[in-house]
Amino acid sequence: MNEYDGVVIVTGAAQGIGEQTARDLAALGAQVAVADIQLDKARDVADSITSSGGRASAYYVDVSERESATRLIEDVLTTYARVDALVNNGGIDAQGGGWWIDDDHWDTMVATDLSGQWWCTKAVLPAMIEQKSGRIVFVSSSSVYVGGTDISVAYCAAKAGLIGLTVALSSQLEQHGVLVNCLMPGPTGDTGTPMNSDEVPEYLERHPLGFGGAQPISDAVAYLLLPSGKWTSGSILNVSGGRLRGR
Ligand SMILES: NC(=O)c1ccc[n+]([C@@H]2O[C@H](COP(=O)([O-])OP(=O)(O)OC[C@H]3O[C@@H](n4cnc5c(N)ncnc54)[C@H](O)[C@@H]3O)[C@@H](O)[C@H]2O)c1
């Protein structure tokens, strides 16, 4: 018997954390919309899931474009008539830079890592409110609380905005049966932007849990979507392998 048979949209699911999440949710029984700006890779992931007995379809989305995000949600609703969960994972991972980044970098990061997650969420909420149930997961970053001499301030600002969205939306949507949470991943080590190689030894010395890979993040998403997550809303969930403490 399937542990979970909801319809789930995972953005940024062509690779990395999103791919792991899409595969794991499909293995639990979910019908997964594998959405990404890299459509060919999203198709490969969806095909691989279906060839191993799961249920998945690939969708193109550029989350930074409002019309594209809205179209994704409309297309999934047209096909399945409901969306049980939206995993807002797609985005540009931490980029180097600092306060001196140029304006294009700022615009791109905010459009993708903050507005992009909002456009998808805004488009899906009416259906979730009408069906009186839904789960929204934002994927932020532990970098928000850590910073760094060479991390994009636009990345940190955009990812911090997801915390505000989580707090505000969860307080407004629980009455409609929609639960909203935010993950704060630590460095996976094998997805996204790699840590500077000269920083790795010191990081590992100070963080004995090391790099987590995509699996712990995917496991946290499953916790939030399954019945285990029915009393968790407005949470900023620390899944950082010890990079963050006390929050
Ligand atoms: N890798 C880490 O250590 C780490 C740590 C903290 C947070 N995160 C966050 O986790 C999420 C996934 O990161 P990852 O490590 O899998 O990175 P990744 O770069 O491997 O994957 C990101 C995915 O998002 C897609 N994407 C990028 N721009 C898009 C757009 N405009 N529209 C739709 N899809 C788009 C990419 O095509 C890619 O498939 C990101 O939001 C990232 O910031 C990652």
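Me: Which loop does A81 lie in?
Reply: This is a predicted model, in which local features need pLDDT of at least 70, side-chain atom pairs count only at pLDDT 80 or more, and totals for chains, interfaces and linings use all residues. Residues are numbered from 1 along each chain as its sequence is written, and side-chain values use heavy atoms, with hydrogens and water left out. Helices (H or I, at least four residues) and strands (E, at least two) are DSSP runs, numbered from the N terminus. On that scheme, A81 sits in the loop between α3 (66–80) and β4.

Me: Is A81 buried or exposed?
Reply: Buried means under 20% relative accessible area, exposed means over 50%, and partly exposed is in between (1.4 Å probe, protein chains only). A81 comes out at 64%, so it counts as exposed.

Me: What is the phi of A81?
Reply: Most residues other than glycine have a negative phi. A81 is not a glycine, yet its phi is positive, at about 65 degrees.

Me: And K132, what is its phi near?
Reply: K132 lies in the loop between α4 and β5 (134–139), and its 63% relative accessibility makes it exposed. It's another residue other than glycine with a positive phi, near 60 degrees.

Me: How many aromatic pairs does the structure hold?
Reply: Rings of Phe, Tyr and Trp (its six-membered ring) pair if their centres lie within 6.5 Å; planes under 30 degrees apart count as stacked, over 60 as edge-to-face and the rest as tilted. By that rule, the number of aromatic pairs in the structure is 2.

Me: What kind of aromatic pair do W99 and W100 form?
Reply: Their centres are 5.8 Å apart and their planes are at 85 degrees. W99 is exposed at 72% relative accessibility, and W100 is exposed too at 51%. The pair is edge-to-face.

Me: And what kind of pair do the rings of Y203 and F211 make?
Reply: Y203 is buried at 8% relative accessibility, whereas F211 is partly exposed at 28%. The ring centres are 5.4 Å apart and the planes are at 5 degrees, so this pair is stacked.

Me: Which ring does the charged end of R66 sit over?
Reply: A charge sits over a ring if NZ of Lys or CZ of Arg is within 6 Å of the ring centre and within 35 degrees of the ring normal. R247 does this with the ring of Y145, at 4.4 Å from its centre. For R66 the figure is 4.5 Å, and the ring belongs to W119.

Me: How much of the ligand's area does the protein bury?
Reply: Start with some polar contacts (pairs of N or O atoms within 3.5 Å; within protein, one must be able to donate a hydrogen and the other to accept it, and residues adjacent in sequence count only if both atoms are side-chain atoms). A polar side-chain atom of Q15 is 2.9 Å from a ligand oxygen, a side-chain N or O atom of D93 is 3.0 Å from a ligand oxygen, and a polar backbone atom of I37 is 3.5 Å from a ligand nitrogen. Taken alone, the ligand exposes 820 Å² by the Shrake-Rupley method with a 1.4 Å probe (for residues, only the protein chains shown count as cover). Of that area, the protein buries 91%.

Me: How far apart in space are G96 and S152?
Reply: G96 is in the loop between β4 and α4 and is exposed at 51%. In sequence, G96 and S152 are 56 residues apart. C-alpha to C-alpha, they are separated by 5.3 Å.
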